[in-house]
Amino acid sequence: MATETAAPRRRSERSRTAIVTATRELLLQRGFDKLSIEAVAARAGVGKQTIYRWWPSRHALVADVILEDADKILRPIARTGDVADDLCAWARTLASALTTARGNAMLRILTTAGMEHPDTAARLRTGFSLPLHDAVRGRLTDAGVPATAAQDAADAIVGGIVYAILGEGRSFDARRAESITRTVLAGIAAR
């Protein structure tokens, strides 16, 4: 009698979508601290084992959900020929995205999840933080700014905007993102 081998279990796209949607909704409603795999499973209509088969931890699940939404925030910087205008427009767009209810919740969850779990922090840094930083640094170096100054300016622009939004939340005015950017650019020009 021949033995049958079970086909490897594949992700059901319907279940994956339900889990991601449930996680996103619960994160927005409850926040990261009150999110549980049990609640996600119940809302998604799947068993906990299904979630754990695909994501080893709550942190990994949250990181995937956040990174799936990151494309709504990670926008390329225009190249119109005026680096200051290009960076200011990008900074206003970034600030506007991070001060929506969803964007602000995502930023706060990203910060919390990254602080609590080193593997998650590395994934979020690679998939979210570095692309923001690299976009600014790349635009500056393409405009002829020396590499070290471009690196420092990218830290100051992205960090300044994100830090202010974390402190002020949705009340952060996107025009301040432009002011932060122009202040940093003036510092580069003064060097």
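**Ground rules.** I am working on a predicted model, in which local features need pLDDT of at least 70 and side-chain atom pairs count only at pLDDT 80 or more, while totals for chains, interfaces and linings use all residues. Residues are numbered from 1 along each chain as its sequence is written, and side-chain values use heavy atoms, with hydrogens and water left out.

**Overall form.** I looked up the secondary structure and found nine helices and zero strands, taking helices (H or I, at least four residues) and strands (E, at least two) as DSSP runs numbered from the N terminus. The C-alpha trace spans about 80 × 40 × 30 Å along its principal axes. Of the 191 residues, 43% count as buried, where buried means under 20% relative accessible area, exposed over 50% and partly exposed in between (1.4 Å probe, protein chains only).

**The cavity.** I worked on a 1 Å grid over the protein atoms alone, where a cavity is a set of points where a 1.4 Å probe fits but cannot get out, and a pocket is an open set with protein on both sides within 12 Å along at least five of seven lines; lining residues have an atom within 4 Å of a point. Grid points are joined across faces, edges and corners, and a volume is the space filled by probe spheres set on the points. The count comes to one cavity of 30 Å³ or more, and the volume of the largest cavity is about 80 Å³. Helix H1 (13-30), helix H4 (58-69) and H6 each give two or more residues to its lining, and the largest share, four residues, comes from H6. Among the lining residues I wrote down Arg-24, Asp-69 and Arg-102.

**The pocket.** I then turned to the largest pocket, which has a volume of about 200 Å³ and is lined by 14 residues, of which Arg-125, Ser-129, Leu-130, His-133 and Val-158 lie nearest its centre. Helix H6 (101-116), helix H7 (118-142) and helix H8 (147-168) each supply at least two residues of this lining, which divides into eight nonpolar, four polar and two charged.

**Helix H2.** In helix H2 (residues 37-44) I listed the buried residues as Ile-37, Ala-39, Val-40, Ala-41 and Ala-44. What covers them includes H1, helix H3 (48-54) and H4. Just after H2, Gly-45 takes a positive phi of about 75 degrees.

**Rings and Glu-116.** Arg-58 lies over the face of Phe-32, at 4.1 Å from the ring centre; for this, NZ of Lys or CZ of Arg must be within 6 Å of the ring centre and within 35 degrees of the ring normal. Which residues does Glu-116 contact, leaving aside its neighbours within four places in sequence? I found Phe-32, Asp-33, Arg-58 and His-59, with contact meaning heavy atoms within 4.5 Å. Glu-116 lies in helix H6 and is partly exposed, with a relative accessible area of 41%. Glu-116 and Ala-44 are 72 residues apart in sequence and 25 Å apart in space, C-alpha to C-alpha.

Definitions and conventions: Ala, Val, Leu, Ile, Met, Phe, Trp, Tyr, Cys and Pro count as nonpolar, Asp, Glu, Lys and Arg as charged, and the others, Gly among them, as polar.
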